[in-house]
Protein chains: 2
Amino acid sequence: MTPPDLAAIRQAAQRIRHYAHRTPVLTCESLNRIADARLFFKCENFQKVGAFKFRGALNAVLSLTDDEAKHGVATHSSGNHAQALALAARLRGIPAYIVMPENSSRVKREAVAGYGGRMTFCAPTLVAREHTLRRVIAETGAALVHPYNDSRVIAGQGTSAMELLEQVGDLDMVIAPVGGGGLVSGVAIAVAGVSPSTRIIGAEPEGADDALQSLRAGHIIAQLDPRTIADGLRASLGDRTFPIIHALVHDIVTVSEPAIIATMRAVWERMKIVIEPSAAVPVAALLEKKCDAEGKRIGVILSGGNVDLDRLPWMQGVGQVARSAT
Amino acid sequence: MTPPDLAAIRQAAQRIRHYAHRTPVLTCESLNRIADARLFFKCENFQKVGAFKFRGALNAVLSLTDDEAKHGVATHSSGNHAQALALAARLRGIPAYIVMPENSSRVKREAVAGYGGRMTFCAPTLVAREHTLRRVIAETGAALVHPYNDSRVIAGQGTSAMELLEQVGDLDMVIAPVGGGGLVSGVAIAVAGVSPSTRIIGAEPEGADDALQSLRAGHIIAQLDPRTIADGLRASLGDRTFPIIHALVHDIVTVSEPAIIATMRAVWERMKIVIEPSAAVPVAALLEKKCDAEGKRIGVILSGGNVDLDRLPWMQGVGQVARSAT
């Protein structure tokens, strides 16, 4: 699999355009005032399955030859990628095998089941997940679609930034959250290709700052003990995402847990949109003036909006519980 | 004050266009499937101050002559109209005197104060509010801007539906919530003028169904004991809104409290937007198939998105508390 380039992102955009939403870009004067910048929010929380993940999963599924696709696709994920792959596979009419930890919440199980995903449960460890996934693939012949360490997935995620630049024109900076790095890698390729003078910033929680550490070290440092409510950002970089980030991302900034929660709430209150903690991370970096954004035009990828409305992080006790679960 | 007509709404649209947002229209496939219709949501929750109320208040404030405006404006409201009038007055550089019941929540007081409104508190009864407002007006010389029983306010609210028709073209039906009737009156004038074949439906809570009762009786029946979480819809029709509704609104439908709460939550979960209970009322009518919408193109005015994020109605006990407060 060759690393994705701008052409791959353009092809991905063509491939997914009849199925994925061209999500709107919103602005908010009161957040502009706090950040002292002009912010353009790319609302991937309005994307199908409620997150940008649908772009990458769909591009991967639609990139398969008929022969590769005939036994379906498989992944391990308890989050948005699981739902995204299930829906993408259903659109192509093939099965999606999803390996999930047995402690996944009811909400997440029902979401995957609702899109027709076939679930296999395993112990909640990375070793068990990978072992179980290998077994499922051996038994079914399904094609692996990794949540982020996959060039087709990275290219799909990059379509979000390409659209954003089409929608709002020149930007001084684009900022996206960093977990496994699939989103920020695709964003970086799109932005560097279309608008080379635009700075590309990754934002991550202080409690899961493996991207920052990896860039400083010059090699991947695994995230062994992530401590953040931003459950989409607990993964480690992969060998396909790290080199792209190393080459194209100008800076990685980190934010605290209280800042993530306060920012998430501020976005709900001021913009009247539902975003998940991971999506609040780049916004928090801007509101806390972590990235030299003053006076500039900034694109922000709001990565998703899937939250349990019974357990919001500003409710008493919820933050603690969320932080201890991975 | 003459009753507003289509020309008044067009003038209002011109008057407010540099200050009010042209709010986006969103769609949602999963809600379309439940309603068996094509729904176009006019997102007034994204309007300034988080509600359509800014349109009417601003049109009223900008309609005043310099002489009328010189001593400021006044109203009684604890809700979105208070914030809307405060912001509109600030934009014109005149004071806004807001009479609020002394039991208004901290959130609402802070919101009005944040827009520079000058608050006077009174006992939480309609008699006390009207008495206090008369006193404030006598003392200050401010111009009254009623929350809904005012032709300039009605014309301003109607701009929401005029925009909606411009944005999405022909609609078979437009549905809006009914409280005091300012929104639905303005919407009805705009829709009847621009698209005479479009049906105009008002939606209200079963526990505050004074519009339905008033239309059946042929005269205004006051809402003496509203019992609904939709705090924007507890008012009675006024002598300026009732005749417009009587003449132009085709039907009033009602929905239960559980339906309002479940619909509010469904909109948050599926559309990833924050709406207040009042805004859920017309959506609930569609999801519960109360208005012969099947297969049709329906415009829905989402009236606002101001909620206390610490006290959501699906949290245990909150619904009870909210229902007992007026």
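Q: Which rotation superposes chain B on chain A?
A: In general, two copies of a chain are related by a rotation about an axis and a shift along it. In this predicted model, chain B is superposed on chain A by a rotation of 180 degrees, with 0.0 Å of shift along the axis and an RMSD of 0.0 Å. The two copies are therefore related as by a two-fold rotation axis.

Q: Which C-alpha of chain B is nearest the axis?
A: That C-alpha belongs to I273(B) and is 2.1 Å from the axis. The two copies use the same surface, since 100% of the contact residues of chain B recur in chain A.

Q: How many residues of each chain are in contact, and what is the area buried between them?
A: The contact involves 23 residues of chain B and 23 residues of chain A. About 1,700 Å² is buried between the two chains, and carbon and sulfur atoms give 61% of this area.

Q: How many salt bridges and polar contacts are found between chain B and chain A?
A: Four salt bridges cross the interface. One of them joins the side chains of D310(A) and R265(B), at 2.9 Å from N to O.

Q: Which helix gives the most to the side of chain B that touches chain A?
A: Helix α12 (residues 257–271) of chain B gives the most, with four residues. The residues on this side of chain B comprise eleven nonpolar, five polar and seven charged.

Q: How is the aromatic pair of W268(A) and W314(A) described?
A: A pair of aromatic rings is described by the distance of the centres and the angle of the planes. Over all chains, the count is three aromatic pairs. W268(A) and W314(A) form an edge-to-face pair, with 5.1 Å from centre to centre and 90 degrees between the planes.

Q: Which parts of chain A does this pair tie together?
A: W268(A) lies in helix α12 (residues 257–271), and W314(A) in the loop between β10 (297–302) and α14 (318–324), so the pair ties together parts that are 46 residues apart in sequence.

How values were computed: Residues are numbered from 1 along each chain as its sequence is written. Chains are lettered from A and ligands numbered from 1 in the order in which they are written. This is a predicted model: local features need pLDDT of at least 70, side-chain atom pairs count only at pLDDT 80 or more; totals for chains, interfaces and linings use all residues. Side-chain values use heavy atoms; hydrogens and water are left out. Contact means heavy atoms within 4.5 Å. Buried area is the accessible area (1.4 Å probe) that two parts lose on being put together, summed over both. Helices (H or I, at least four residues) and strands (E, at least two) are DSSP runs, numbered from the N terminus. Ala, Val, Leu, Ile, Met, Phe, Trp, Tyr, Cys and Pro count as nonpolar, Asp, Glu, Lys and Arg as charged, and the others, Gly among them, as polar. Copies are superposed by least squares on the C-alpha atoms of residues with pLDDT of at least 70 in both. Rings of Phe, Tyr and Trp (its six-membered ring) pair if their centres lie within 6.5 Å; planes under 30 degrees apart count as stacked, over 60 as edge-to-face and the rest as tilted.
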